[in-house]
Amino acid sequence: MSAPHVVVIGAGSTGSATAHDLALRGLRVTVVERGEVASGTSGRNHCLLHSGGRYCVTDQDSARECIAEARILDRIMPDILERNGGLFVALNESDLAFKDRFMEGCEACGISAREIPIQTALKMEPFLNPAALAAVEVPDGVFEPFHFCLAFLATAKANGAVVRTYTEVMELVTEGRTVTGVGVRDHRSGVSSTIGADMVVNAAGPWAGKIAAMAALAVPITPTPGVMVTMDSRLNNMVLNRLNRPSDGDIIVPQRATSIIGTTSWVVEDPDLIPIPVEHVAQMLASGRELVPAVGQVRVRATVAVARPLVTRAQADSRDVSRTFECFDHSADGLEGLVTISGGKTTSSRAMAQRAADVVCAKLAITAPCTTQTTPLASYRSFYQ
Amino acid sequence: MTAESVAVDLEVLRYRPGEGSRLENFSVQVAKGTKVLDALDAIWATLDHSLMFRRACHHSSCGACAMRINGRERLACVTQVAEAAEEHQPIRVEPLHNLPVVGDLVVDVAGFFARMTASDLVITRSAEPELPVSVDPLPASLSLRQVVVPEDLDRFIRFESCIECGICVSVCPSMAADDGFLGPAALAGIHRTREATGDATESAHLLALADGDGGVWRCHSSFECTASCPQAVDPAGRIMSLRGQILARRWGRMWGR
């Protein structure tokens, strides 16, 4: 008997990592993605490999998850990371007052943090605001989002997975109260067809609600965009964060030849096309200038808005929603054969995949353990071979 | 509040295997200051989900959205709609040249990536690439460049400048005439790897590759690649430098050095 077949919807970071995990466990896997790999939220993310420092006071579960995953990613995809560290910088008395809680939070979550003299910080970061009052170094990093997804998928393909890009899910096929496949339209050929599946994983990110709705289900996932402003020059070596609770415009992530200021947070209905509020861009530039005054003297290269898939259990300010993830087994809703994995961040996508694959394997009576923590990924370049 | 919206007209080269190609016109509303990629996103989201184009980062870092806009190779994500509309109405959008077309604006990059693999170019290096990577000049009064990595802080690493977008391959006249050619990106990659590696065997292997059948001698020195590279990688300059290194080695041998 051949191995069970799992269809993964979405080739963003979550779907790509899930396909990799399932393929490693010996399942037959087909990934369907309506556009290019990473053409949704994953491609447009902030590129921040979280040390967990950002969440160490306000969301410690998320912080612990981040530091653990950052260490794993450093082992399995070292080639697509810039591990240059990050600084949390105090610019005023309120920031300074936060420092002790920040150090305690890092300690509690196992994130190595050390305060460094301002003069040292300014030497490492010549464009940092010279009026900074304190700087704490943490092991933040930067990744290449497109290559991040391609590397997971390239490895999945090497292990037998099939990846169908430009193939859009039009319906979930059900028999009684069981999902038995997906109806897709292949935009390359214009042909519609059905792909049978023993299990379907909904990894559509902020579009997960649209997929679930095809089976008349609701998932508590709120598309929550953020605006990022990419400057036309690289102004920092390390990730620069404001030493305070997470808020709008408090982080500048360097990536290749750019520095990306982020971010804001609001809720939209439809993540397909997100109008960028002009005041958000102005706000990013203003708060970016506080950390790095030279932001005011460099042109903007691009402004981007993209929706995070936040899991919302109760009404709350979107900044207060935990950045951790959740896996929904829809048998709890009376529908077999469908699992939704959402929330989280790119940094945690391997752990998200592990959770989803654990649920899928338990349902299919597959006992193979997860081995993604220790399996080095293939080159992203081999995806297209 | 969102920015004032403007109407934009595009003609997009549509293609499917077996069906041939045709130009299709689209009109969409986009916010002022929008890029060509945002206009394609708007077409896809509001008019036609079958439009195939590659996209990921939307800020000129991933290299996915390279295409021909009004006959010139560019990254759609940083090409202003207003600028392109001034050049040509409607804005004409076509796939890259010299790579097989999969559908619409999507090209098959398998061969291109295989050549990059052969160049041994890894994307992170322990040293800063030497060339300035900002294409547009910064305000002269400030002469801001990328932040400089202090010499005694050699722990900082950087992604390489080349984003493997394929633009240099599309503009290369030698590539058009000769598909055995390694092409500008891979040869620049070889040059860069030799610059950065301390491994003599790898270095010699790469120089032999550059001197080989698909190597630097097939380049017709048009310098189109350097002129159009969005990341200022200067492939042509690097190809010329490789030629110099190859000749120096031959002369060295001739004189027994």
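Reader: Hi! Are E94(B) and R68(B) buried or exposed?

Author: Hi there! In this predicted model, both E94(B) and R68(B) are buried.

Reader: What do the two form with each other?

Author: E94(B) and R68(B) form a salt bridge, and their closest N and O atoms are 4.0 Å apart. Because E94(B) lies in strand β5 (residues 91-94) of chain B and R68(B) in strand β3 of chain B, the pair ties together parts that are 26 residues apart in sequence.

Reader: Why do side chains pair up like that, in general?

Author: Side chains of opposite charge can pair when their charged atoms come close.

Reader: What about chain A? Which side chain does R83(A) meet in a salt bridge?

Author: The side chain of R83(A) meets that of D74(A), at 3.3 Å from N to O. R83(A) counts as partly exposed at 24% relative accessibility, and D74(A) is partly exposed too, with a relative accessible area of 33%.

Reader: Which residues are linked in a network of salt bridges?

Author: In chain B, a network of salt bridges links R14(B), R16(B), R22(B), E24(B), D48(B) and D104(B).

Reader: Switching topic: how much space lies in the second largest pocket?

Author: About 820 Å³. There are 37 residues lining this pocket, and the closest to its centre are I274(A), I276(A), A31(B), T34(B) and D38(B).

Reader: Which elements give two or more residues to that lining?

Author: From chain A, these are α7 (278-291) and β18 (300-311); from chain B, they are β2 (20-31) and α1. The largest share comes from β18(A), with 8 residues.

Reader: Last one! How do the lining residues of the second largest pocket divide into nonpolar, polar and charged?

Author: The lining has 21 nonpolar residues, 8 polar ones and 8 charged ones. Happy exploring!

Note on methods:
Residues are numbered from 1 along each chain as its sequence is written. Chains are lettered from A and ligands numbered from 1 in the order in which they are written. This is a predicted model: local features need pLDDT of at least 70, side-chain atom pairs count only at pLDDT 80 or more; totals for chains, interfaces and linings use all residues. Side-chain values use heavy atoms; hydrogens and water are left out. Buried means under 20% relative accessible area, exposed over 50%, partly exposed in between (1.4 Å probe, protein chains only). Helices (H or I, at least four residues) and strands (E, at least two) are DSSP runs, numbered from the N terminus. On a 1 Å grid over the protein atoms alone, a cavity is a set of points where a 1.4 Å probe fits but cannot get out, and a pocket is an open set with protein on both sides within 12 Å along at least five of seven lines; lining residues have an atom within 4 Å of a point. Grid points are joined across faces, edges and corners, and a volume is the space filled by probe spheres set on the points. Ala, Val, Leu, Ile, Met, Phe, Trp, Tyr, Cys and Pro count as nonpolar, Asp, Glu, Lys and Arg as charged, and the others, Gly among them, as polar.
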